[in-house]
Amino acid sequence: MSESILFTGGTIWRGKGLPEASDLLIRDGVVVAFDAEARAQGAARVIDLAGRFLMPSFGEGHAHPIFGGLEWAGPQITGVDSVAGIVEAVRDYAAQHPDQEWILGASYNGSLVEEGLFQASWLDEAVPDRPVVLRAWDYHTLWCNSKALELAGITAQTPEPELGQIPRDADGAPLGVLREWGAVDLMQRVNPGYDFEQRVAALAAASAHLASLGIGWVQDAWVQPEDVEVYLAAAERGLLKNRFNLALLADPREFPGSLPRLLDSRRRVEQAGHELLTAHSVKFFVDGVVENQTGALLEPYCSTLHDHGLYIWQAEPLARAVGAVDAAGFQAHLHAIGDGAVRRALDAIEAAARANGPSTHRPVIAHVQLADGVDLQRFAKLGVIPVMQPLWAQLDDLMTVLTVPRLGAERAARQYQLHTLQSSGAPLAFGSDWPCSEANPLAGIAVAVGRMTAQGYPEGGWVPEQRLDAETALAAYTAGVAHQAFAERLAAPWGVLEPGASADLVVLERDPRQVPVSELADVQVVATYLAGNPSFSRWEA
């Protein structure tokens, strides 16, 4: 049970447009008063902020926590900066786990090899006799060794799958990379994956990690039926340190036949009645990713490997499906990377509104990496929430090695138009897409504000007119995500600090509005509170 706590002696940022405070009183997990009124009422406990910065906890508008937690269960290849280093990590892990039948890991850097075309033979050098399957950091791609391809029956005679790609050598033999669902599923049918208890442990570890970053609410943006069971078990065991909403996956190969299953999953979560768990969203993958040339574009890619990319959903089925889930009371959450996919997603949402009337379910389009200028103006008009990943708006290796060559300079400069969307009146929200990229909100805010790499490149920022000021970026990671989450419908809402709000708080070592952009990502989280209870703490107070 939460006690009454007076936070004093620091800067209290209540939210964009609200007055700052130096004192905050919370009682029974709820914000009660500020400043003189807070001091006058007294509290059972006083925490001296000692000049630190207190604000609403961050929200995470789009992430994959179970995937993130499982990265710690296999070879540690995240962040390894060479193919040789990845192969060595796989070799060492296999040697340490001689009885493990399948070596599974994530997530390798696809920009280390031209076109992202990793070869099975490179992994064969490390593990020739057991199957090895590694996910790329985009989570749309697998890199497999020859034994894994053999067990999956993927050969030169394997036809190109629906909704997927198998890159091949000149003789038609698979190189070792599988792209998008149709190809990935060929491997996943024989890959045993992780058992139930490993997945529950991964979710618990992920939840603790997210709390350590100041995050109080999380949108899991890719939930399979078996994942629902993992969440229910974790909630029942008291392992969740954040609020979670589940976006249940709608597969175009199964919909609308899968709609009853989605409804049943939501019903089971609601019947469990856990205060930290909801399932009010449905996830649609409209396209793939630019790095694989599977992101769907209005104009062709600059290379000839593919044409306009890959649509996972065709236009009419998508419009009907979005309309169906909206009518069933779900929030549609659509992955759209390319400008073609963004247009198709907006068209589907608009068609659903014509069929059902204006939606009250706040449809989401995640990523919005590239969008036509006409379509950018449709977000505000249709009430669509762009949930964007600000960390991606930088000229890092992913951008310069894989993305820019595929899009060309003119289109590349139109990516991640954060300022344009926010200025249009669209209800901008932020997320990380962890573990596709790091989960730290402050790292994302640093890029949103500076549009520079960690090394300060380019000076003045990449496409600097799309930079945001620090308060706007903070608001997108707090109140913006709270709007996405319907937080105002709770008895004690979160996202801003006002009397009656839930005491979902984060204490930072420094004021992020006053920190140089180059240091923002390193600002330390001191403590995180969920409804007044510490979910993470570095201090004794």
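How many disulfides does the structure hold? The structure holds 0 disulfides, a disulfide being counted where two cysteine sulfur atoms lie within 2.5 Å of each other. To see this for one cysteine, select Cys436, which is in no disulfide and whose nearest cysteine sulfur, that of Cys144, is 17 Å away. Cys436 counts as buried because its relative accessibility is 14%, where buried means under 20% relative accessible area, exposed means over 50%, and partly exposed lies in between, with a 1.4 Å probe and protein chains only.

Before going on, note that this is a predicted model, in which local features need pLDDT of at least 70 and side-chain atom pairs count only at pLDDT 80 or more, while totals for chains, interfaces and linings use all residues. Residues are numbered from 1 along each chain as its sequence is written, and side-chain values use heavy atoms, with hydrogens and water left out.

**The whole chain**

Show the protein chain as a cartoon, and its secondary structure comes to 20 helices and 20 strands; these are DSSP runs numbered from the N terminus, helices being H or I of at least four residues and strands E of at least two. The C-alpha atoms fill a box of roughly 80 × 55 × 55 Å along the principal axes. The radius of gyration of the protein chain is 23 Å, which agrees with a compact globule, because one of 541 residues would have a value near 24 Å; the radius is taken over C-alpha atoms, and the globule rule is 2.2 Å times the number of residues to the power 0.38.

Buried residues make up 60% of the 541 residues in the protein chain. If contact is taken as heavy atoms within 4.5 Å, then among contacts between residues at least 6 apart in sequence, 73% join residues at least 24 apart. Switching to a surface view, the accessible surface comes to about 20100 Å², of which 51% belongs to carbon and sulfur atoms, by the Shrake-Rupley method with a 1.4 Å probe, where for residues only the protein chains shown count as cover.

**Around Arg253**

Select Arg253 next, in the loop between strand 12 (243-249) and helix 9 (259-272). Arg253 counts as partly exposed because its relative accessibility is 36%. Leaving aside neighbours within four places in sequence, Arg253 is in contact with Leu163, Trp181, Gly182 and Asp185. A C-alpha distance drawn from Arg253 to Ile312 reads 9.6 Å, although the two are 59 residues apart in sequence.

In the loop between strand 12 and helix 9 you will also find Pro256, which is joined to Phe255 by a cis peptide bond with omega of about 10°.

From Arg253, step across to its contact Leu163, which lies in the loop between helix 5 (146-152) and strand 10 (177-179). Leu163 counts as buried, because its relative accessibility is 11%, and its phi is near 60°, a positive value in a residue other than glycine. Most residues other than glycine have a negative phi, and most peptide bonds are trans.

**From Pro435 to Arg451**

The peptide bond from Trp434 to Pro435 is also cis, with omega near 10°, and Pro435 lies in the loop between strand 17 (429-430) and helix 17 (441-450). Follow the chain through to Arg451, in the loop between helix 17 and helix 18 (470-476). Arg451 has a phi near 50°, again a positive value in a residue other than glycine, and counts as buried because its relative accessible area is 0%.

Which residues is Val289 in contact with, leaving aside its neighbours within four places in sequence? The contacts of Val289 are Asp138, His140, Glu180, Thr294, Gly295, Tyr301 and Ile337. Val289 sits in the loop between strand 13 (277-285) and helix 10 (315-327) and is buried, with a relative accessible area of 7%. Val289 and Tyr139 are 150 residues apart in sequence, yet their C-alpha atoms are 9.7 Å apart.

Finally, select Leu395, in the loop between strand 16 (385-388) and helix 14 (397-407). Leu395 is buried, with a relative accessible area of 17%, and, neighbours within four places in sequence aside, is in contact with Thr400, Thr453, Tyr457, Pro458 and Trp462. From Leu395 to Ala485, 90 residues apart in sequence, the C-alpha distance is 31 Å.
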